[in-house]
Amino acid sequence: MSSPRKLKLNVLRYDPRKEGDEPRMVTYELDEAPSMTIFIALNEIRRKQDSSLKFDFVCRAGICGSCGMVINGRPDLACRTLTSQFEDGEITLLPLPAFELIGDLSVDTGKFMRAMSERVESWIHDEEAERRELTVLEEPMDPDTADRIYELDRCIECGCCISACGTARMRPAFLGAAGFMRVARFEADPRDKRTAEGWYDLLGDDDGIFGCMSLMGCEDHCPKDLPHQNRIAYMRRKLVQSR
């Protein structure tokens, strides 16, 4: 049997909390295993070569969004990226930009996502429902509507869309594709009573939907293949028509 292919992983190492530490690239070499992902390779490195290597993971199934990083220049999830797709076996890994760096490949996306959620008020707005007795059954929803909401609610908040967005990199207050998708999810929900005018107040400026330069890096790099382009265009038309 032929010997396994050698992989070379170039990883950015930097701990901003460690006094005197400076960003640097460190190269690790290891044998490639069948169906190996970047996530498996990093765990192999941390287990056998360098236990101090920092990166995030939870589910290993492309659901939690924790392992987002820049892989050979493209934001993606480490758990769903096979090492076999890199022909020369050399892979460069960087942390996602636009987020606070914790260390090495680990970033704090939670702070950004929480602020985004609070900014767009991502909960059902229905004053009548708030006064309704808890014993009253919720009205049934049309299955097609439920499917449409589910499609828009598949965002795992991995941060890849924000890191791939030129506007977000230039304008820190820009809401970004994750925020627009969250708005689209509640705008499609018939239980939410907010009007187009209300949505305009939330995102009708250059830090909102009209600040998007339509570079569509969000759609190109979304690991869940969400319809960012379609929803951004739809919300733009809706908000313009509301004025």
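Q: Where does Cys155 lie?
A: Cys155 lies in the loop between helix H4 (143-152) and helix H5 (160-163). This is a predicted model.

Q: And how accessible is Cys155?
A: Its relative accessibility is 27%, so Cys155 counts as partly exposed.

Q: How far is Cys155 from Leu226, in sequence and in space?
A: In sequence, Cys155 and Leu226 are 71 residues apart. In space the C-alpha atoms are 7.4 Å apart.

Q: Step back a bit. How many helices and strands are in the protein chain?
A: The protein chain has 10 helices and seven strands. Its C-alpha atoms fill a box of roughly 65 × 35 × 30 Å along the principal axes.

Q: What share of the residues is buried?
A: Of the 243 residues in the protein chain, 44% are buried. The accessible surface comes to about 13,600 Å², and 48% of that belongs to carbon and sulfur atoms.

Q: What about contacts between residues 24 or more positions apart?
A: They account for 63% of the contacts in the protein chain that have a separation of 6 or more.

Q: Salt bridges next. How many are there?
A: The structure holds 20 salt bridges. One of them joins Asp15 and Lys54, with the closest N and O atoms 3.6 Å apart.

Q: Which parts does that pair, Asp15 and Lys54, tie together?
A: Asp15 lies in the loop between strand E1 (6-13) and strand E2 (24-31), and Lys54 lies in the loop between H1 and E3, so the pair ties together parts that are 39 residues apart in sequence.

Q: Is Asp15 buried or exposed?
A: Asp15 is buried, with a relative accessible area of 16%. Lys54 counts as partly exposed, at 28% relative accessibility.

Q: What does Asp189 pair with?
A: The side chain of Asp189 meets that of Arg191 in a salt bridge, 2.6 Å from N to O. Asp189 is buried, with a relative accessible area of 1%, while Arg191 counts as partly exposed at 30%.

Q: Which residues are in one network with Asp189 and Arg191?
A: Asp153 and Arg185 are joined with Asp189 and Arg191 through salt bridges that share partners.

Q: Where does Arg185 lie relative to Phe186?
A: Arg185 lies over the face of Phe186, at 4.4 Å from the ring centre. Arg231 lies over the face of Tyr234, at 4.5 Å from the ring centre.

Q: And Asp192, what is its partner?
A: Asp192 forms a salt bridge with Arg194, with the closest N and O atoms 2.8 Å apart. Both Asp192 and Arg194 are buried.

Q: How many aromatic pairs are there?
A: The structure holds five aromatic pairs. In one of these, Phe174 and Phe180 have ring centres 5.6 Å apart and planes at 80 degrees.

Q: Why is the pair of Phe174 and Phe180 called edge-to-face?
A: The planes are at 80 degrees, and planes over 60 degrees apart count as edge-to-face. Phe174 is buried at 3% relative accessible area, and Phe180 is buried at 4%.

Q: Which rings form a cluster?
A: Ring pairs link Phe39, Phe55 and Phe57 into a cluster.

Q: Which residues make the nonpolar surface patch?
A: Met170, Met213 and Leu215 make a nonpolar surface patch of about 340 Å². Met213 is in the loop between helix H8 (196-203) and helix H9 (217-221), and it counts as partly exposed at 41% relative accessibility.

Q: What is the phi of Ser214?
A: Ser214 has a positive phi of about 60 degrees, although it is not a glycine. Its place is in the loop between H8 and H9.

Q: Last one. What is Ser242 in contact with, leaving aside its neighbours within four places in sequence?
A: Ser242 is in contact with Ala196, Glu197 and Tyr200. Ser242 sits in the segment after helix H10 (228-241) and is buried, with a relative accessible area of 14%.

Key
Residues numbered from 1 in each chain as written. Predicted model: local features only at pLDDT ≥ 70, side-chain atom pairs only at ≥ 80, totals over all residues. Heavy atoms only, no water. Patch = residues over 30% accessible without salt bridge, like charges linked within 9 Å, V, L, I, M, F, W, Y side chains within 5 Å. Areas by Shrake-Rupley, 256 points an atom, 1.4 Å probe, with all protein chains shown as cover. Salt bridge = Lys/Arg side-chain N within 4 Å of Asp/Glu carboxyl O. Helix = DSSP H or I, 4+ residues; strand = E, 2+ residues; numbered from the N terminus. Buried < 20%, exposed > 50% of the residue type's maximum accessible area, 1.4 Å probe, protein only. Phe/Tyr/Trp six-rings, centres within 6.5 Å; stacked < 30°, edge-to-face > 60°. Lys NZ or Arg CZ within 6 Å of the ring centre and 35° of its normal. Contact = heavy atoms within 4.5 Å.
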